[in-house]
Amino acid sequence: MSFPWAKEYTPKHPVMRFFDEKLPLPRFVYNAVGAGYPVPRNLSYFWNFGVLAGFFLMLQIVTGVVLAMHYAANTEVAFGTVEHIMRDVNWGWLMRYTHANGASFFFVVVYIHIFRGLFYASYKPPREMIWLLGVTIFLLMMATAFMGYVLPWGQMSFWGAQVITGLFEAIPVVGPPLKTWLLGGFAPDNAALNRFFSLHFLLPFVILGAVILHIWALHIPGSSNPTGVEVKSESDTLPFHPYYTAKDGFGLGVALLVFFTFVFFLPNALGHPDNYIEANPLSTPAHIVPEWYFYPFYAILRAFTFDFILPAKLWGVLAMFSAILVWFFLPWLDKSPVRSGHYRPLFRKFFWFGLIPVMAVLFYCGGAPAEEPYVMISQIATAYYFLHFLVILPIVSSIERPDPLPFSITEAVLGSDDEAAAGDAAPTAA
Amino acid sequence: MIRLVGILIGLGFTFVVLLAFVTGAYTWSTEEVAETAESVFHETAHGPEAGYSFDGPFGTWDLAQLQRGYQVYKEVCSACHSLNYVAIRDLEQLGYSEDQVKAEAASFQVPGINPDTGEDTMRPALPTDYFPSPYPNSVAAAAANNNAIPPDLSLMTKARHHGSDYVYSLLTGYQEVPAQLREEFPDATPAPGLYYNPYFANLNLAMAPPLTADGQVTYADGTEATISQMAQDVAAFLTWTAEPQLIKRKQTGWPVLGFLLFATILAWLAKKQIWAGAKRRKD
Ligand code: HEM
């Protein structure tokens with residue numbers, strides 16, 4: 001499961017030895033995130049974001065459990081209980097703002113984490129399972145965040161739920177009854193609010209389970225690294241503790257500085273004012289938009305405005321889900337023998353000048369009203385999005401000639417690698 | 001195989017979305033996009049020239065202003081608007097004493113039950129009561145206001161973009177309907193019972209100008225009650241009702257950020273020291 005040179009856990013204190021015999025939890029921690037886990041020595045700060053995602057997941061669970069103590073999932077009172085939390089519960093406002101902005105930051109961090117994976121092609125063998133679990137986590141996060149946003153029962157909660165569940169109606173034949181079944185009624189109401197609360201409480205723990213599998217799968221090959229060259233010998237690695245615990249600690253500090261600046265000084269900057277108006281099924285807001293982290297996919301949904309064989313709405317729904325589902329197939333769409341974008345000149349150009357600006361455009365257009373020219377711009381961006389993953393990536397990865405790779409991580413860091421080059425390198429871990 | 005299927009699906013989506021683009025672009029280039037009255041006449045909200053005491057990361061409440069704003073709410077706005085999420089006891093945060101709040105509470109009548117007969121009656125409010133609504137229900141509210149329901153004001157400044165500025169602009173922004181609008185957009189001129197205000201999203205709202213004359217309220221602290229003064233005072237008061245913990249929040253933020261900065265610097269130094277050896281380490 002790890003490299004042969006990984007340090008063995010040797011407890012000295014009798015209490016720890018007792019534990020190690022009966023329940024080797026300390027040994028588990030030592031091998032997972034301690035000195036017993038060798039990690040490539042050249043990881044950049046982009047590799048901090050996995051740990052940060054884990055931190056924000058825990059923060060959401062802790063603040064969420066406290067909020068649930070004071071919240072009531074009933075359409076008559078839900079909006080009022082949120083105000084009760086904001087006004088009367090001790091530090092309730094801090095819990096709520098931390099939870100609301102925590103969701104946003106969780107997505108920021110996970111988006112960076114995913115795009116790190118896309119640039120360094122971390123999804124390539126032997127890390128396919130880590131990636132598949134990652135995309136699953138992302139889907140679960142989206143479901144959780146969507147249902148969480150409904151709970152305060154403001155105008156955007158209600159109308160967002162109306163629009164998103166309305167998408168099911170695009171499915172032929174089974175769509176409309178499916179929507180009614182999911183909502184427990186024809187429109188979002190008390191039944192929907194209750195089940196959304198139940199699921200919103202449950203799903204984070206499902207995510208936690210998926211994260212444990214994700215990290216378990218990660219510990220089999222170990223982390224990749226910015227060169228994409230696999231670990232060859234001990235000199236390529238450093239023990240996780242103290243090296244990466246220190247680096248992750250510093251990264252967490254920086255992330256929290258930015259995060260709490262939002263919580264204390266701009267707590268509503270990422271939200272929508274309409275959600276401070278209580279839900280009113282009789283009054284439709286001028287622009288219904290989801291939370292910002294759904295914008296790219298919302299832009300793709302709204303880009304399909306033409307009935308071609310199938311109704312436009314169905315195309316939009318199919319495209320929106322496919323936009324995420326394509327990520328599942330990346331390990332098999334990308335043929336390159338090389339992982340890291342640093343050594344893939346053409347791939348890198350398409351990443352920085354194609355995918356990244358297109359994502360930025362989709363983010364922007366998803367939040368803009370469904371008017372021209374935003375719709376036309378999203379249409380071009382959507383076309384590129386699908387071309388990028390499904391056409392450009394497979395073709396570029398099979399025709400491009402990658403730049404020469406360093407012999408090893410050690411050589412990349414130090415300029416030479418005598419130990420591994422001499423031929424007496426430790427056997428490569430599989 | 002998987003790549004072939006992928007390429008086909010990719011080209012399929014691209015084809016359909018580009019078809020949508022072409023048809024969209026065609027309509028867009030051939031159809032004249034009609035200007036709307038809103039796009040021409042709507043104005044962005046702005047606050048009073050001097051700004052508010054609670055602005056910025058170091059802002060604080062101006063309690064005298066909040067008290068004046070409360071007076072404007074009570075004497076003017078409360079005739080039509082409720083303040084459902086604010087309890088009368090919360091007034092203590094504006095600098096009123098416990099006794100003052102008790103007396104203030106007693107000046108409101110709230111629904112109660114006659115302790116002897118169990119019949120519905122009205123009783124004087126207690127500090128723990130919430131501000132009573134001017135109308136018994138939304139039907140009554142709509143009936144009294146030309147079919148528009150005066151919204152609850154507790155969260156108003158958070159429920160609009162730049163809410164404090166918005167309330168100020170809205171209250172001071174009533175105007176004569178511009179001649180240009182009458183000419184170019186006759187449909188957008190206010191219907192009977194509506195009033196023209198360029199800060200309101202669709203320009204015409206059902207609220208008659210509530211602040212109409214200087215000196216409409218007589219401030220206890222002697223401040224001159226100009227329309228602009230009353231508007232900014234009540235906007236400040238509504239900022240407080242929407243977020244009573246605003247100042248506490250900012251004041252809590254600074255020590256938290258200070259501590260985090262300190263901890264982050266320590267973490268950076270620790271990281272630097274731990275990694276110092278690793279740059280050359282070859283074992
Ligand atoms: C709750 C959300 C998540 C948590 C807590 C989490 C946690 C982690 C951690 C701690 C690592 C190791 C450190 C690192 O490489 O950054 C990692 C690696 C990885 N994660 Fe995640 N992750 C999450 C979501 C995702 C998602 C949504 C994806 C992709 C769709 C993903 C893909 C990956 C990949 C491919 C790696 C290996 C990277 C490499 O070794 O180069 N993760 N994850």
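Helices here are DSSP runs of H or I with at least four residues, strands are runs of E with at least two, and both are numbered from the N terminus. With that settled, helix 6 of chain A gives the most to the shell around the ligand, six residues.

Some ground rules before I go on. This is a predicted model, in which local features need pLDDT of at least 70 and side-chain atom pairs count only at pLDDT 80 or more, while totals for chains, interfaces and linings use all residues. Residues are numbered from 1 along each chain as its sequence is written, chains are lettered from A and ligands numbered from 1 in the order in which they are written, and side-chain values use heavy atoms, with hydrogens and water left out.

Back to the ligand. How many residues surround the ligand? There are 23, and the closest are A:His113, A:Ser122, A:Gly134, A:His214 and A:Ser224. A residue is near a molecule if one of its heavy atoms lies within 4 Å of it. Four helices of chain A each supply at least two residues of this shell: helix 3 (49-70), helix 5 (92-119), helix 6 (128-150) and helix 9 (190-219).

By class, the shell has 13 nonpolar, eight polar and two charged residues. Nonpolar covers Ala, Val, Leu, Ile, Met, Phe, Trp, Tyr, Cys and Pro; charged covers Asp, Glu, Lys and Arg; the others, Gly among them, count as polar.

Next, polar contacts, meaning pairs of N or O atoms within 3.5 Å; within protein, one must be able to donate a hydrogen and the other to accept it, and residues adjacent in sequence count only if both atoms are side-chain atoms. At A:Ser224, a polar backbone atom is 2.7 Å from an oxygen atom of the ligand. At A:Ser122 the side chain is involved, with an N or O atom 3.0 Å from a ligand oxygen. At A:Trp47 a backbone N or O atom lies 3.1 Å from an oxygen atom of the ligand.

Now look at helix 3 of chain A. It has 22 residues and reaches 32 Å from its first C-alpha to its last, close to the 32 Å expected. The expected span is 1.5 Å times one less than the number of residues. Several residues of helix 3 are buried, including A:Phe49, A:Leu52, A:Phe56, A:Gln60 and A:Leu67. Buried means under 20% relative accessible area, exposed over 50%, and partly exposed in between, with a 1.4 Å probe and protein chains only. What covers the buried residues of helix 3 includes helix 4 (78-87), helix 5, helix 9 and helix 10 (240-265) of chain A.

Further along chain A, which residues touch A:Thr382, leaving aside its neighbours within four places in sequence? They are A:Ile300, A:Ala303, A:Phe304, A:Leu362 and B:Val17, where contact means heavy atoms within 4.5 Å. A:Thr382 sits in helix 14 (residues 374-399) of chain A, and is buried at a relative accessible area of 0%.

A few backbone details in chain A. The peptide bond from A:Pro125 to A:Pro126 is cis, with omega near 5°, and A:Pro126 is in the loop between helix 5 and helix 6. Another cis bond runs from A:His241 to A:Pro242, with omega near 10°; A:Pro242 is in helix 10.

A:Val173 has a positive phi, near 60°, and is not a glycine. A:Val173 lies in the loop between helix 7 (155-166) and helix 8 (175-183), and is exposed at 75% relative accessible area. A:Ile309 has a positive phi of about 65°, and is not a glycine either. A:Ile309 is in the loop between helix 11 (295-303) and helix 12 (312-333), exposed at 79%.

Last, chain B. It has nine helices and four strands. Its radius of gyration is 28 Å, well over the 19 Å that the globule rule gives for 283 residues, so chain B is more spread out than a compact globule. That radius is taken over C-alpha atoms, and the rule is 2.2 Å times the number of residues to the power 0.38. The C-alpha atoms fill a box of roughly 85 × 65 × 50 Å along the principal axes. Of the 283 residues, 40% count as buried.
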